[in-house]
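Subject: Structure handover

Hi,

Here is the structure I promised to pass on. Please open it first, then read my notes below.

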Amino acid sequence: MIQHLVDGILVGSFLSLGAIGLTMAMHILRFANFSHAELLSIGAYCALVFDKLFESLLPILAAKIGPLSMTGALAISIVLSMAITGLSAVLIDRFIFQRVRQKGEELSMVFASFGMALIIRNIIGLVFGLSAELYSKDIAFAMILSRDPLLLVKPDQVFVLIAALILMFALHLVLSRTTFGFSLRAVAENPSLAQVHGVNLKRMIAAVWIIGGGLGAVAGIFYGLSYQITPVMGRDLVLPIFAATIVGGIGSVYGAVLGGFIVGIASNLALVILPSGYSPSVPFLMILAVLLVRPNGLFGEARA
Amino acid sequence: MPDAVLSVENVTAGYVPDLPILRDVSVTAEREKLTVIIGPNGAGKSTLIKAVVGLLSVSRGGITANSQDITGLSPDRMTSAGIAYVPQTDNVFRTLTIRQNLDLALQKHAHASERLSELYKRFPVLADKQRDKAGSLSGGQRQFLAVAMALAADPVLILMDEPSAGLSPKAAEEVLDHAKQLTSFGVTILLVEQNVKQALKRADHCYVLAEGRNQIDGPATDLLQDPALGRIYLGGERRVSA
């Protein structure tokens, strides 16, 4: 039981990172972006490419960092992947979603996002193949934190949790202490009013995509560090990330963080009583329960 | 010729193309005066203000503010043009604190901290509650915060959309008094109001709109005495026929 709880917290850390970008984009652009989880795939595969590239160009970067399976090359790749994924998100919005937004309605955007998800997933499959990839093929040994009850944690998982919490705290500081953060929150709450107070809406929308894409990339890489990366990882993660967003309340960054941990923990604790094959149904059931009992989620607000 | 800060000339505008709400409307706001626009519901008063600040596109006519053509200027460039806007509802960011609301409005000000101190001096209630969320303020306090945010960027012209709507009579009078006071600090005010009697008592000039068109305009004191206006808007001789 305690092992499932710890595993759930670790899963929650990257679900939260993925849900932050989704909740921001959903709130500001007012559409359910089903291609958001594909940004995690883009980030994960970008990191894979850069990791291999840096390892071959600079062999010194192939050395592992302490007890982690992560190398120096991958650490640098994370930063580059964040930038490229953020930029990809901006370009997807500029060339696809923005055009649909100007001509169509919210439902058109939802269908466009479904189409975009399929396109990204298939391009990745075409380029990298359908087989799973790993950042490190070495066996990562788990640390025994407790023998009774047995509690095992890999160093990579501890790193993932700490790094995710640091990123979330950094985002909290930006949103609560900087004028840029106030502008982002202002646009989310009332775009027209934000504009008349001098906030450039287009720049803020681009910023939302960059932040969402960047955090999505980290989430994808952390997922890859914990499990493996496949072209269909976006498909597997879209439901838990949506569940985290809806549980937390659409538009609430803090809600997305809490929602991610709740969904991660609930999905893992369900394994105590359910066969593992039923585990993916837990986020779906959580979405249904929240929409029935508290449609605005934990921190969301009703909006017109 | 009077010194006009805002000149709206024969403007046609609406929410949907080819379905204008305003038709050939012309309004002038003179420097350091309080100009009020009144009219029945659906007259196009709020639409006019939204068209001025760029939230609606103007299909015909032109708008000049401070000797600058602002027709079609995007709303985020209005503060740079010296224009501030206080919407009727949702005029503050409820999820931000009072301080964060003001910091946002001050973001392009060269001397933001000095300006913030001035605003706190003018609205002491905001200084006392600066860490509170704007959503927790009373209606009157929220309106003062909205006015403070509008004043933050040292505007030449403030457009206010029914600032007394939903307020108690006392709070409404305070807000309108404050709007009038602002003119003595060099700010020009263009006000849309349903509270006709109170607005006319404080205004210098008044425009009456109906069905998206100019009806009459003149000095506010003259219109206050006008029996026809009284019948329509002030309820003086209004009768309900059986």
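Two residues count as in contact if their C-beta atoms, placed from the backbone, lie within 7 Å. The model is predicted, so keep that in mind throughout.

The interface first. On that contact rule, 21 residues of chain B touch 16 residues of chain A. Helix α2 of chain B, residues 98-105, gives the most to chain B's side, with four residues. That side of chain B has 11 nonpolar, five polar and five charged residues.

Now chain A. Its secondary structure comes to 11 helices and two strands. From the N terminus, the order is α-α-α-α-β-β-α-α-α-α-α-α-α. The C-alpha trace spans about 55 × 50 × 40 Å along its principal axes. Chain A has a radius of gyration of 19 Å; this agrees with a compact globule, because one of 304 residues would come out near 19 Å. Of those 304 residues, 49% count as buried. Take the contacts in chain A with a separation of 6 or more: 75% of them join residues 24 or more positions apart.

One helix deserves a look: α9 of chain A, residues 233-248. At 1.5 Å a residue, its 16 residues should span 22 Å, and its end C-alpha atoms are 22 Å apart, so the two agree. α9(A) still bends by about 25° at Leu239(A). A proline, Pro240(A), follows within four residues. α9(A) is mostly covered, with 14 of its 16 residues buried. After α9(A) comes Gly249(A), with a positive phi near 105°.

Best wishes

Definitions and conventions. Residues numbered from 1 in each chain as written. Chains lettered and ligands numbered in written order. Predicted model: local features only at pLDDT ≥ 70, side-chain atom pairs only at ≥ 80, totals over all residues. Nonpolar A, V, L, I, M, F, W, Y, C, P; charged D, E, K, R; others polar. Rg over C-alpha atoms; globule rule 2.2 N^0.38 Å. Buried ≥ 20, exposed ≤ 12 C-beta atoms within 10 Å, placed from the backbone. Expected span 1.5 Å × (residues − 1). Bend = angle between axes of the 7 residues up to and from the residue.
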